Amino acid sequence: MAKAEDVFVGSIDQGTTSTRFIIYDRCSRPIGSHQVEFTQFYPEAGWVEHDPMEILESVRVCMAKAVDKATAAGYNVDNGLKAIGLTNQRETTLVWSKSTGSPLHNAIVWMDARTSAICRKLENELSGGRTHFVGTCGLPISTYFSAVKLLWLMENVKDVNESIKKGDALFGTIDTWLIWNLTGGVNGGLHVTDVSNASRTMLMNLKTLEWDKPTLETLGIPAQILPKIVSNSEVIGKIVQGWPITGVPISGCLGDQHAAMLGQACRKGEAKSTYGTGAFILLNTGEEVVQSKHGLLTTLAFKLGKDARANYALEGSIAIAGAAVQWLRDSLGIISSAKEIEELASQVKSTGGIYFVPAFNGLFAPWWRDDARGVCIGITRFTSKAHIARAVLESMCFQVKDVLDSMHKDAREKGEVKNEKGEFLLRVDGGATVNNLLMQIQADLLGSPVVRPADIETTALGAAYAAGLAVGVWTEDEIFSAGERVESATTFHPVLEEELRKKKVESWCKAVSRTFDLADLSL
């Protein structure tokens, strides 16, 4: 029997801007990792695409490099790797040829807004308007979700349309694309997705956890192009020859935000916020499907096994968070690296009355305004780049507060977990959380503590947990025992005076209102 130190689980973390592969030991410690950034394509204003083949190659490179690093550090990964987990950017949509394995178009990324006309058409034609499918899938009609991206591909890409007619087309989100290729591709690759990714398509029934036939018929989407839906923690298939790792089972798969919930060990009544390209706040509502009345999404949290009961969640999705920092760096040149924003923003004690709303492609929860566009208001001759940098950080935190305010209203009757002081703790993770100023601003604007774990990359860890659980590396009790995590975490407590907090929130809401109905501004 292998010793604990000889047991490892790998995790593919495929994000919006980069891919990582991390190898964890039995004690959840990373022992080898590698990360590769890939290209973002912006063919038109509001359009965002990825090259699926480039993403595939990024996985290959990260696998090889991470194994090399762990081996060089003295770990016997070749013999000790028991399972692979996968987590991915959700909603990003592609269609490829079953016979050739080639994508029929670039992947349309989750934040892409090209489908706004399709959304308006559906809202006008369907009896329930924007919320027509909410009772089934928990999601409003929005450019955010995979179904409308698939409709755009079907309507606008000749190769996709012809391939569907021939019975040669396969649809999937990024998890489906990767698993199909890892398990054989054109030579018997498995066409599957997991319940969490399926829950973000607008096509899955939240209660049956199966593709909803009436929805498919209404939208005209053929069921035969859809993947099989599996749980988040079960052996799906083994990685075939031709990859840096072969013969190892893929036994865990979750959308990135669901993986972060598991990595943060969020039980019923607990919430986490992940700060990446966007920001995503999820509250575990247990085994009950809670319909939001305040602009949030009802979604799946996780289902840890074929026969396990599903946990559900309320979610608030924010399209632009860390992406606004990238915009400061890449488009404006105000900073030369993302980490510089903390030092720059710290040069001033306030924004000097500046409020920045990064509605670059509209606003997601709780506003759901695809006609919104970004604004920066309150500018005077006094305004400096430090004020703008601080306003960008505050914009991330204000958006999280908007979502949490809605979440508290929706979940109040169902109960939220609070500490002995009666405080609701927000667990945070993601690359941006290394910014201490950002975390302090978040606590100040919420008026409640923010808890940052020692390991902020909980998305990859959650996928590893799901994979390891399926093959016996970990038990659920071990995964959800949070004592050690709390002891090693950093907690940020609010210090902002309540009166000032209220005034700032009022000013933020005024700024948000200024973003509406700006999508048709002349070029």
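I began at the end of helix 6, which is followed by G167, a residue whose phi is positive, near 80 degrees. I note that the model I am reading is predicted.

I then looked up helix 6 itself, which covers residues 158-166. Which of its residues are buried? I found V160, S163 and I164 to be buried. Seen down the axis of helix 6, these buried residues fall within an arc of 100 degrees, so they line one face of the helix. I recalled the general rule: an α-helix has 3.6 residues a turn, so residues three or four places apart point the same way.

I next asked what the buried residues of helix 6 pack against. Their partners are strand 6 (93-97), helix 5 (146-156) and strand 8 (169-173). On the face turned away from the buried side, I recorded K158, K165 and K166 as exposed.

I turned to N232, which I located in the loop between strand 12 (228-230) and strand 13 (233-238).

I looked up the polar contacts of the N232 side chain. One, of 2.7 Å, joins it to the side chain of D194; another, of 3.5 Å, is made with the side chain of S196.

Finally, I listed contacts of N232, leaving aside its neighbours within four places in sequence. Among them are D194, V195 and S196, then S251, G252, C253 and L254. The list also includes L300, F302, K303 and L304, together with A466.

How values were computed
Residues numbered from 1 in each chain as written. Predicted model: local features only at pLDDT ≥ 70, side-chain atom pairs only at ≥ 80, totals over all residues. Heavy atoms only, no water. Buried < 20%, exposed > 50% of the residue type's maximum accessible area, 1.4 Å probe, protein only. Helix = DSSP H or I, 4+ residues; strand = E, 2+ residues; numbered from the N terminus. Arc of directions from axis to C-beta. Contact = heavy atoms within 4.5 Å. Polar contact = N/O pair within 3.5 Å; in protein donor to acceptor, adjacent residues only side chain to side chain.
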